[in-house]
Amino acid sequence: MKEVQKKMSVKVNISLKQKKVKLPTGTKLLIRKACIATLEFEGLGEENFEVDVSIVNDDMIKEMNNEFRNIDASTDVLSFPLGADGVYDVNPETGAKMLGDIVISVDHALYQADLYGHGIEREIAFLTVHSMLHLLGYDHVNGGLEQTVMREKEESVLEALGLAINKV
């Protein structure tokens, strides 16, 4: 008898929290792909997950950064994990593991895309992957090896998405 392989299911809830926020066409699909690619890269392809992504402007992310981190400045992305050490709350209706919330400032993403000389698509994908790794327990606050590991994983996922940095 042939064994049936269970397929991953990922529900990515994306909401625009400010009316003034405008996204390029295809951005929501790109965010979903970045979430799925991160989970697949981490070898979590046989489980069900749920993640919430909010797209905001700099004013709103500054308020959130101040409220939750006591940092009175805007930032590019915030991550709010719902679990630790691989243990997550489960949505009782779907059975999906709820990873947490990602908040992306589109203003900051546009600025950084220009600053680093790449497209907004790559920047949004990078911020999504970066935040997904935080939801999965990675951190880079103290720098060092963990920051290096995180950066390598981010680049590997972006490469899988066709958004790698062209190295000369």
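A: Buried means under 20% relative accessible area, exposed over 50%, and partly exposed in between, with a 1.4 Å probe and protein chains only. This is a predicted model, in which local features need pLDDT of at least 70, side-chain atom pairs count only at pLDDT 80 or more, and totals for chains, interfaces and linings use all residues. Residues are numbered from 1 along each chain as its sequence is written, and side-chain values use heavy atoms, leaving out hydrogens and water.

Q: Is phenylalanine 80 buried, exposed or partly exposed?

A: Phenylalanine 80 counts as partly exposed because its relative accessibility is 21%.

Q: And how much of the chain is buried?

A: Of the 168 residues in the protein chain, 39% are buried.

Q: How many aromatic pairs does the whole structure have?

A: The search finds one aromatic pair. Phenylalanine 68 and phenylalanine 80 form this edge-to-face pair, with 5.1 Å centre to centre and 70° between the planes. Rings of Phe, Tyr and Trp (its six-membered ring) pair if their centres lie within 6.5 Å; planes under 30 degrees apart are stacked, over 60 edge-to-face, and the rest tilted.

Q: Which elements does the pair link?

A: Phenylalanine 68 lies in helix 2 (residues 58-69) and phenylalanine 80 in strand 3 (residues 77-81), 12 residues apart. Helices (H or I, at least four residues) and strands (E, at least two) are DSSP runs, numbered from the N terminus.

Q: What is the order of the elements from the N terminus on?

A: The order is β-α-β-α-β-β-β-α-α-α, with five helices and five strands in the protein chain.
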